[in-house]
Amino acid sequence: MNNILQNETDGVKENLHDAQTSAADMELINKYSRKELTAEDVYTFSVVLCDNEVDRDNEHFSDEALDKLAQLFVGVTGIYDHTPSAKNQVARIYSCAVEQVDGRKTSYGEPYRRLVARAYIPRCKSSEELIAMLDSGIKKEVSVGCGIGECVCSICGEDLRTGACSHVKGRRYGGKLCCGVLKEPTDAYEWSFIAVPSQREAGVIKSFTYPGDISGILNAQKLLDEEAAESLKTYISSLEKSAREGEMYKSVLRLEAVKAGITARIGIESSLLESMVKGLSAEELLRLKEGFEKTAAELLPVRCQTMTEEAFGTPVRRDDNSGYDI
Ligand SMILES: [Zn+2]
């Protein structure tokens, strides 16, 4: 028995696989089973996990990321509605591959590719309901959760979360849409059946190895309701903006500290100085810059315009005003 599930990001409705559970399928499935299962013991189906189309966050997976996810999702169990408890772990992916859909392009003009998994559910009393649901024609959706190491700008290639790029996701630059390209997947931690078709979060949930879209995860895990997750998201966005501005300020400070160090002739070459200041906080950079500037000022005192060359060259006593004679 076969069935198709699709996530919301994928609008294709045609059947992907029509074949019965094959001996090759059973061989893969039995890698995860304690006792030898037969084709009658399991219900198998195909599911589109994600694709390379731009999602609602104006982000899309790179081709390499999809290929890596195809490896990472093998063996991962599927759950109902993101409730990660053992009793909800109902289906397991036993194979996964990237498929290219002939003739279809993404909105940014590349061949459309999607990640299609084969999964199985052991036939037993507790799985009857889900199998019946999958068998019926009810619209079903799947969302996936994965860790992503990098999200780079499609315009300039800079990591969007470091503040090094000034492009805005969703805007067009010279006709080209700016979006986040998701790269370097680190983990595939879940995929879920969305039982209620109207749920807005159906689709791909991404988490980042650095603090990023935590609100989406909290909402997905039902730790926050949609409204609270949305307000947390707004708050995080404002923090991210401040962080980007802070990073910009720090890069200016780093530059100034290095310049001041060179002027102060501290005897350290600029490249070494540059790597030394990299890990410093804004406050440390400011103190270092001020220290260098003080040293530089002592080294090269500001000349008073009224001083004669002669007076400048000899030590001037406090009560000696002869240097100021014109
Ligand atoms: Zn950019």
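Me: Why is Asp135 called partly exposed?

Reply: Keep in mind that this is a predicted model. Asp135 has a relative accessibility of 40%. Buried would need under 20% and exposed would need over 50%, so at 40% Asp135 counts as partly exposed.

Me: Where is Asp135 found, and how far is Asp135 from Phe45 in sequence and in space?

Reply: Asp135 is found in helix H3. Along the chain, Asp135 and Phe45 are 90 residues apart, but C-alpha to C-alpha they are 9.9 Å apart in space.

Me: What puts the buried residues of H3 on the same side?

Reply: Helix H3 covers residues 128–135, and Leu130, Ile131, Met133 and Leu134 are buried there. Those four cover an arc of only 160° around the axis, so they sit on the same side of H3.

Me: And how do you know that the buried residues of H2 share a side?

Reply: In helix H2, residues 63–72, the buried ones are Ala65, Leu66, Leu69 and Ala70. Their arc around the axis is only 145°, which puts them on the same side of H2. Glu64 and Gln71 are exposed on the other side of H2.

Me: What makes H5 and H7 roughly parallel?

Reply: Look at the angle. Helix H5 (residues 226–263) packs against helix H7 (residues 282–299) at about 25°, with the axes 8 Å apart. Angles under 35 degrees count as roughly parallel, so H5 is roughly parallel to H7. Their crossing is left-handed.

Me: Which residues make that contact?

Reply: From H5, they include Tyr249, Leu253, Ala257 and Ala260, and from H7 they include Leu285, Leu288, Phe292 and Ala296. By class, the contact of H5 with H7 has 11 nonpolar, 2 polar and 5 charged residues.

Me: Which residues meet where H5 packs against H6?

Reply: Arg254, Val258, Gly261 and Ile262 in H5 meet Ser270, Leu273, Glu274 and Val277 in H6. That contact splits into 4 nonpolar, 2 polar and 2 charged residues.

Technical notes: Residues are numbered from 1 along each chain as its sequence is written. This is a predicted model: local features need pLDDT of at least 70, side-chain atom pairs count only at pLDDT 80 or more; totals for chains, interfaces and linings use all residues. Side-chain values use heavy atoms; hydrogens and water are left out. Axes are lines fitted to C-alpha atoms, for helices over the stretch in contact, and angles run from 0 to 180 degrees between N-to-C directions. Helices (H or I, at least four residues) and strands (E, at least two) are DSSP runs, numbered from the N terminus. Angles under 35 degrees count as roughly parallel, over 145 as roughly antiparallel, 65 to 115 as roughly perpendicular and the rest as oblique. A crossing is left-handed if the near helix is turned anticlockwise from the far one by less than a right angle, and right-handed if clockwise. Contact means heavy atoms within 4.5 Å. Ala, Val, Leu, Ile, Met, Phe, Trp, Tyr, Cys and Pro count as nonpolar, Asp, Glu, Lys and Arg as charged, and the others, Gly among them, as polar. Buried means under 20% relative accessible area, exposed over 50%, partly exposed in between (1.4 Å probe, protein chains only). The arc is that of the directions from the helix axis to the C-beta atoms.
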